[in-house]
Amino acid sequence: MSTRELTSYRNEALRASRYGEGALGNACEVIRSAPTGARNATLFAQSAGIFQLVAGGVIASRSAEQALTDVAIETGLKPCLLYTSDAA
């Protein structure tokens with residue numbers, strides 16, 4: 001790989017990383033602002049979109065999982081219910 005190709009690849013990765021960070025931050029804000037009774041559905045919808053970006057290599061899986069888990073707990077979801085359809 002030439003230096004030019006490597007530089008282009010790094011720039012592209014940096015743009016994807018910035019986009020991913022923005023998307024993850026936005027998803028967390030949407031979850032935080034969801035009203036009681038809609039939090040689990042909102043968490044699911046936002047998580048689905050974020051994990052599409054994970055699949056595309058735009059966001060690291062661990063970063064997405066940690067951020068979404070943290071915001072879910074912050075908004076009152078019980079840790080044992082985070083990934084079930086019974087959560088509030």
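Biologist: What do the residue numbers and values rest on?

Modeller: Residues are numbered from 1 along each chain as its sequence is written, and side-chain values use heavy atoms, with hydrogens and water left out. In this predicted model, local features need pLDDT of at least 70, side-chain atom pairs count only at pLDDT 80 or more, and totals for chains, interfaces and linings use all residues.

Biologist: Are α2 and α3 roughly parallel or roughly antiparallel to each other?

Modeller: Helices here are DSSP runs of H or I, at least four residues, numbered from the N terminus. The axes of α2 (residues 39–55) and α3 (residues 61–74) come within 10 Å and cross at roughly 165°. Axes are lines fitted to C-alpha atoms over the stretch in contact, with angles from 0 to 180 degrees between N-to-C directions. Angles over 145 degrees count as roughly antiparallel, so α2 and α3 are roughly antiparallel.

Biologist: Which residues of α3 make the contact with α2?

Modeller: Contact means heavy atoms within 4.5 Å. From α2 come Leu43, Ser47, Ile50, Phe51 and Val54. The α3 side supplies Ser61, Ala64, Glu65, Leu68 and Ala72.

Biologist: How many residues of that contact are nonpolar?

Modeller: Ala, Val, Leu, Ile, Met, Phe, Trp, Tyr, Cys and Pro count as nonpolar, Asp, Glu, Lys and Arg as charged, and the others, Gly among them, as polar. Two contact residues are polar and one is charged. The nonpolar ones number seven.

Biologist: How many salt bridges does the structure hold?

Modeller: A salt bridge needs a side-chain nitrogen of Lys or Arg within 4 Å of a carboxyl oxygen of Asp or Glu. One of them pairs Glu65 with Arg62, at 3.9 Å from N to O. The structure's total is three.

Biologist: Is Arg62 buried or exposed?

Modeller: Buried means under 20% relative accessible area, exposed over 50%, partly exposed in between (1.4 Å probe, protein chains only). Arg62 has 54% relative accessibility, so Arg62 counts as exposed.

Notes:
Helix = DSSP H or I, 4+ residues; strand = E, 2+ residues; numbered from the N terminus. Parallel < 35°, antiparallel > 145°, perpendicular 65-115°, else oblique.
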